[in-house]
Amino acid sequence: MDKEKIRRWIQDNLVMQDEARRITGQSVSGFNQSVQAGWIIPFVEFGDARKTRLYLRSDLEEYAKNKRVR
């Protein structure tokens, strides 16, 4: 595996919560509620005491497009 390709893919495709909220157009509480309900699922999660979650940009874009339909 080429580390630089992996790094580029991560930078292009994974986002943290602040960027994820901008993509979905949600407030902090609205976004957290969507995660709790399982409408938004982290792509990867690290840590036990303090979690770091990364979200797949394409999943968030799809969610944003369809969230008003529900």
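Biologist: How many helices and strands does the secondary structure of the protein chain come to?

Modeller: The secondary structure of the protein chain comes to four helices and three strands. Here helices (H or I, at least four residues) and strands (E, at least two) are DSSP runs, numbered from the N terminus. Along the sequence, the elements of the protein chain follow the pattern α-β-α-α-β-β-α. Before we go on, please note that this is a predicted model, where local features need pLDDT of at least 70 and side-chain atom pairs count only at pLDDT 80 or more, while totals for chains, interfaces and linings use all residues. Residues are numbered from 1 along each chain as its sequence is written, and side-chain values use heavy atoms, with hydrogens and water left out.

Biologist: Thanks! What box do the C-alpha atoms of the protein chain fill, and what share of its residues is buried?

Modeller: Taken along the principal axes, the box filled by the C-alpha atoms of the protein chain is roughly 40 × 30 × 15 Å. The protein chain has 70 residues, and 24% of them are buried. Buried means under 20% relative accessible area, exposed over 50%, and partly exposed in between (1.4 Å probe, protein chains only).

Biologist: Which residues of helix α2 are buried?

Modeller: Helix α2 covers residues 17–24, and Ala20, Ile23 and Thr24 are buried there. Looking down the axis of α2, you would find these buried residues within an arc of 90 degrees, so they line one face of the helix. The arc is that of the directions from the helix axis to the C-beta atoms. As for partners, the buried residues of α2 pack against β1 (14–15), α3, β3 and α4 (57–66). Just after α2 comes glycine 25, with a positive phi of about 75 degrees.

Biologist: And in α3, which residues are buried, and which are exposed on the other side?

Modeller: The buried residues in α3 are Gly30, Phe31, Ser34 and Val35. Down the axis of α3, they fall within an arc of 140 degrees, so they too line one face of the helix. On the other side of α3 you will find Ser29, Gln33 and Gln36 exposed. Among the elements covering the buried residues of α3 are α2, β3 and α4. Just after α3, glycine 38 has a positive phi of about 85 degrees.

Biologist: Could we zoom in on one residue? What does serine 34 touch?

Modeller: Contact means heavy atoms within 4.5 Å. Not counting residues up to four places away in sequence, serine 34 touches Gln26, Trp39, Ile40 and Tyr63. Serine 34 lies in helix α3, and it counts as buried because its relative accessibility is 7%. Its side chain also makes a polar contact of 2.9 Å with the side chain of glutamine 26. A polar contact is a pair of N or O atoms within 3.5 Å; within protein, one must be able to donate a hydrogen and the other to accept it, and residues adjacent in sequence count only if both atoms are side-chain atoms.

Biologist: Where does glutamine 26 sit?

Modeller: Glutamine 26 sits in the loop between α2 and α3. With 13% relative accessibility, glutamine 26 counts as buried. A polar contact of 2.9 Å links its side chain to that of threonine 24. Beyond its neighbours within four places in sequence, glutamine 26 is in contact with Arg21, Phe31, Ser34, Ile40, Tyr63 and Lys67.

Biologist: What about leucine 60: which residues is it in contact with?

Modeller: Leaving aside neighbours within four places in sequence, leucine 60 is in contact with Val15, Ala20, Ile23, Thr24, Phe31, Ile40 and Tyr55. Leucine 60 belongs to helix α4 and is buried, with a relative accessible area of 2%.

Biologist: Is arginine 7 buried or partly exposed?

Modeller: Arginine 7 counts as partly exposed, because its relative accessibility is 44%. You can find arginine 7 in helix α1 (residues 3–13). The side chain of arginine 7 makes a polar contact of 2.8 Å with the side chain of glutamate 4.

Biologist: Last one! Which residues line the largest pocket?

Modeller: A pocket is an open set of points on a 1 Å grid over the protein atoms alone, where a 1.4 Å probe fits, with protein on both sides within 12 Å along at least five of seven lines; lining residues have an atom within 4 Å of a point. The largest pocket is lined by Met16, Gln17, Phe31, Asn32, Val35, Gln36, Lys51, Thr52, Arg53 and Tyr55. Two or more residues of this lining come from each of α3 (28–37) and β3 (52–56). With four residues, α3 gives the most to the lining of the largest pocket.
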